[in-house]
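User: Hey, can you walk me through the pockets in this one? I'd also like a word on one of the hairpins.

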Amino acid sequence: ITIGKFCSIGPRCVFLSVNHNHRFMTTYPLEQVLHGANRKWDEYVSRDISLGNDVWVGEKVTITAGAEIGDGCIIAAGCVVPGKKFPRFSVIGGVPGRVIKDRLDKSQVERVMEMEWWNKTPEVIFHQLMNDLHSELK
């Protein structure tokens, strides 16, 4: 699981980077029961999860294996995010999660991506860019 800079993660969120291998006839972990838990099992499939920078994850969100959340996204409370790629600066909600709308228009996205404020020093962020970053979108 990779989490970018300046992300806000609400309470009771779950990141599920491992899942049962659904290609077997059974979903039950037979090998684990037979041989114990101290081994890597084919019964489980692991996939990366990545959150970009400045992502807001609402309360009780579940993010599943393979999800790629772009910079600046907002994930609505209670959302179950499937294992796919979501574009930066989108609002994601629902079960299963889907893009509800774009947060910013194209010119605003370009401005933020040129700025890459999350890579600046604290001095620059909190003194030079603070007013810009907290200005309301039009």
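Predicted model: local features only at pLDDT ≥ 70, side-chain atom pairs only at ≥ 80, totals over all residues.

User: Got it. Which helix gives the most to the lining of the largest pocket?

Analyst: That's H2, with four residues. Helix H2 covers 106-115, and H3 (122-128) and H4 (130-133) each supply at least two residues of that lining as well.

User: How much space lies in that pocket?

Analyst: About 660 Å³. The lining has 26 residues, and Asp54, Arg103, Trp117, Leu133 and His134 lie nearest the centre.

User: And how do the lining residues of the largest pocket divide?

Analyst: Into 15 nonpolar, five polar and six charged.

User: OK, what about the second largest pocket?

Analyst: That one holds about 170 Å³ of space. Its lining divides into four nonpolar, five polar and two charged residues. Strand E4 (residues 18-20) gives the largest share, three residues. Others in the lining include Arg23, Arg47 and Thr64.

User: Switching topic: how do E13 and E14 pair?

Analyst: In the antiparallel sense, over four bridges. Gly93 stands opposite Arg98 in E14. The hairpin has four residues between the strands, and Gly94 takes a positive phi near 100° there.

User: Why does E14 lie largely in the open?

Analyst: Because zero of the five residues in strand E14 (residues 98-102) are buried. Buried here means under 20% relative accessible area.

Note on methods. Residues numbered from 1 in each chain as written. Heavy atoms only, no water. 1 Å grid on protein atoms, 1.4 Å probe; cavity = no way out; pocket = protein on both sides within 12 Å on 5 of 7 lines; lining within 4 Å. Points joined across faces, edges and corners; volume = space filled by probe spheres on them. Nonpolar A, V, L, I, M, F, W, Y, C, P; charged D, E, K, R; others polar. Buried < 20%, exposed > 50% of the residue type's maximum accessible area, 1.4 Å probe, protein only. Pairing = 2+ DSSP bridges.
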